[in-house]
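Colleague: Please show me the model that we are to discuss.

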Amino acid sequence: MIPLLEVDDLTKHFGGLPAVHGVTFGIDDGEIVAVVGPNGAGKSTLLKLIAGLERPTRGSIRLRDEPVGGLPAHQVRRKGITMVMQTPRTFPSLTVLENAMLGAMFGPAHGVIDEREARRRAAESLAFVGLEALADLPVETLNLHQQRFLDLAKALAGRPQLLLLDEVMAGLNETEIRASVEIVRRVRDKLGTTVLWVEHVMSAVIELAERVIVLDFGSVLTEGAPDVVMRDSRVIEAYLGEAQIA
Ligand SMILES: Nc1ncnc2c1ncn2[C@@H]1O[C@H](COP(=O)(O)OP(=O)(O)OP(=O)(O)O)[C@@H](O)[C@H]1O
Ligand SMILES: [Mg+2]
């Protein structure tokens, strides 16, 4: 079977220095894969390359065997890849529902659905993340975790095949992290969306990820089942000095 996503020898240099270097991996339909690694390891750059927000210096990215590497972000989105950034990208003066509608209109179904259908998909995805009661409020009244959930709802309203999440649990408390873990699990279980997820919250990674890819200095250090990878001495060493692994 063709993997949903195949990344081969993916490399990105910023001014001569490699942020991502020779990264190769595949993701099958319906997997939840976490990308972890110390600060500056290249995790966000990797997601941005896949989302079309950065152009690769070298290497290929294929979505169901179709090359998408180097395409601009809006084209990548239309092919079914949507990224949720660490800092919520919302429009503060619009309502919660209107923000989610933007995701439906400019996501993979771009140009195919009308406003009514966009509204329906937006309402559905708000309910999915538990924000339906806030639909008519302006976004500026939301707290950080509600804005994160809204950003996720906005992404889901576009019905992506592959969802890229960049540290969406950073800054959340224990209860909010648990709620986020449940939502991501339901995204895969109920919507069938494949998830590639950069995360620093190791308890969440161990609970949710089926496979973990460890990046260090832009390259894949190792990959495998979370409990095995997190006990790997090379991984512990890469994290030395960082408290998150504890
Ligand atoms: N636009 C850019 N211009 C120049 N250097 C960059 C740019 N984006 C990232 N880098 C560099 O590339 C390296 C990898 O950065 P990246 O943001 O991908 O790391 P990260 O693993 O996401 O780190 P963190 O855990 O802190 O979010 C870093 O050394 C960073 O300074
Ligand atoms: Mg990052």
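The questions and answers below concern a strand pair, a ligand shell and a helix contact.

Modeller: This is a predicted model, in which local features need pLDDT of at least 70 and side-chain atom pairs count only at pLDDT 80 or more, while totals for chains, interfaces and linings use all residues. Residues are numbered from 1 along each chain as its sequence is written, and chains are lettered from A and ligands numbered from 1 in the order in which they are written.

Colleague: In strand 2, which residue is the bridge partner of V7?

Modeller: Strands are DSSP runs of E with at least two residues, and helices are runs of H or I with at least four, numbered from the N terminus. Strand 1 (residues 5–14) pairs with strand 2 (residues 17–27) in the antiparallel sense over 7 bridges, where pairing requires at least two DSSP bridges. In strand 2, the partner of V7 is F25.

Colleague: Which helix gives the most to the shell around ligand 1?

Modeller: The residues surrounding ligand 1 include K43, S44 and T45; such a residue has its C-beta atom, placed from the backbone, within 6 Å of the ligand. With 3 residues, the greatest contribution comes from helix 1 (residues 43–51).

Colleague: How are helix 4 and helix 5 oriented to each other?

Modeller: Helix 4 (residues 115–129) and helix 5 (residues 144–157) pack with axes 8 Å apart, at an angle of about 135 degrees. Axes are lines fitted to C-alpha atoms over the stretch in contact, and angles run from 0 to 180 degrees between N-to-C directions. Angles under 35 degrees count as roughly parallel, over 145 as roughly antiparallel, 65 to 115 as roughly perpendicular and the rest as oblique. The two helices, helix 4 and helix 5, are therefore oblique.
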